[in-house]
Amino acid sequence: MDDSLSEDVMYMRMALHEAERAAEAGEVPCGAIIVKDGAIIGKAHNQTELLKDPTAHAEILAITQAAAALENWRLTDAVMYVTKEPCPMCAGAIVLARLKKVVWAADDPKRGGARSKFEILDHADLNHRVEIQTGVLEKECKALLQGFFRDRRMEKNGMS
């Protein structure tokens with residue numbers, strides 16, 4: 001395994017840990033880590049229910065932390081690792097924050113804002129384009145998401 005791939009797996013495992021924390025709290029299990037020059041500058045999981053805030057997605061919270069850590073809203077040369085494809089809101093924030101690259105595990109064919117449904121990260125009319133890499137720890141992250149929503153459906157149908 002080459003060094004960049006093992007580094008991607010290491011950071012995605014951290015994002016997966018954040019996603020597990022979200023699931024334990026009853027949140028959609030999504031976690032994000034932002035890295036610049038080998039240092040973690042942002043780390044978060046979904047907190048929309050806890051904060052009663054529709055924008056409290058892992059990506060947005062991690063971007064806010066990273067900007068505070070750098071004392072700069074431009075996250076140039078930073079890389080985000082996230083367990084599922086960013087939604088349109090998060091993809092827009094990623095572009096605005098000028099992240100260099102986003103690595104995600106599982107695609108979101110219904111609501112993906114980066115590639116699957118909308119191609120915001122590479123849209124020709126926007127002032128910044130973000131590199132993408134997909135599929136890192138896809139199986140593990142997809143299993144967590146699917147298990148969370150399966151359990152939620154069972155609870156809703158009184159089958160818990």
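User: What should I know about the model before we start?
Analyst: It is predicted, so local features need pLDDT of at least 70 and side-chain atom pairs count only at pLDDT 80 or more, while totals for chains, interfaces and linings use all residues. Residues are numbered from 1 along each chain as its sequence is written, and side-chain values use heavy atoms, with hydrogens and water left out.

User: OK. Which helix holds Glu 18?
Analyst: Helix H1, residues 3–24. Helices (H or I, at least four residues) and strands (E, at least two) are DSSP runs, numbered from the N terminus.

User: Is Glu 18 buried or exposed?
Analyst: Buried, at 2% relative accessibility. Buried means under 20% relative accessible area, exposed over 50%, and partly exposed in between (1.4 Å probe, protein chains only).

User: What does the side chain of Glu 18 join in a polar contact?
Analyst: The side chain of His 45, at 2.9 Å. A polar contact is a pair of N or O atoms within 3.5 Å; within protein, one must be able to donate a hydrogen and the other to accept it, and residues adjacent in sequence count only if both atoms are side-chain atoms.

User: What else is Glu 18 in contact with?
Analyst: Leaving aside neighbours within four places in sequence, its contacts include Cys 30, Gly 31, Lys 43 and Ala 44. Contact means heavy atoms within 4.5 Å.

User: Switching to H3. How many residues does it have?
Analyst: H3 has 13, residues 58–70. From first C-alpha to last it reaches 18 Å, close to the 18 Å expected at 1.5 Å a residue. That expected span is 1.5 Å times one less than the number of residues.

User: Which residues of H3 are buried?
Analyst: Ala 58, Glu 59, Ile 60, Leu 61, Ala 62, Ile 63, Ala 66 and Ala 67. Their cover includes strands E1 (31–36), E2 (39–45) and E3 (79–84), plus helix H4 (88–96).

User: What comes just after H3?
Analyst: Glu 71, with a positive phi of about 55°.

User: And which residues of H4 are buried?
Analyst: Cys 90, Ala 91, Ala 93, Ile 94 and Val 95. H3, E3 and strand E4 (101–106) are among what covers them.

User: Where does Arg 98 lie?
Analyst: In the loop between H4 and E4. Its phi is positive, near 65°, and Arg 98 is not a glycine.

User: What about Leu 137, where is its place?
Analyst: In the loop between strand E5 (131–134) and helix H5 (138–156). Leu 137 also has a positive phi, about 55°, without being a glycine. It counts as buried, at 11% relative accessibility.

User: Now the cores. How many residues has the largest nonpolar core?
Analyst: It has 31. Those with the most contacts inside it are Ile 34, Ile 63, Leu 75 and Leu 121. The largest share, 7 residues, comes from H3. A nonpolar core is a set of buried Ala, Val, Leu, Ile, Met, Phe, Trp, Tyr and Cys residues joined through side-chain atoms within 4.5 Å.

User: Which residues does the second core include?
Analyst: Val 9, Leu 16, Tyr 81 and Val 103 are among them. That core is separate and has 14 residues.

User: How many disulfides are there?
Analyst: The count is 0. A disulfide is a pair of cysteine sulfur atoms within 2.5 Å. For Cys 30, the nearest cysteine sulfur, in Cys 90, is 7.3 Å away. Cys 30 is buried, at 1%.

User: Last topic. How many salt bridges?
Analyst: The count comes to 6. A salt bridge is a side-chain nitrogen of Lys or Arg within 4 Å of a carboxyl oxygen of Asp or Glu. One of them joins Asp 122 and Arg 129, at 3.6 Å, N to O.

User: What does Lys 142 form a salt bridge with?
Analyst: Glu 138, with the closest N and O atoms 3.4 Å apart. Lys 142 is partly exposed, at 34%, and Glu 138 is partly exposed, at 30%.
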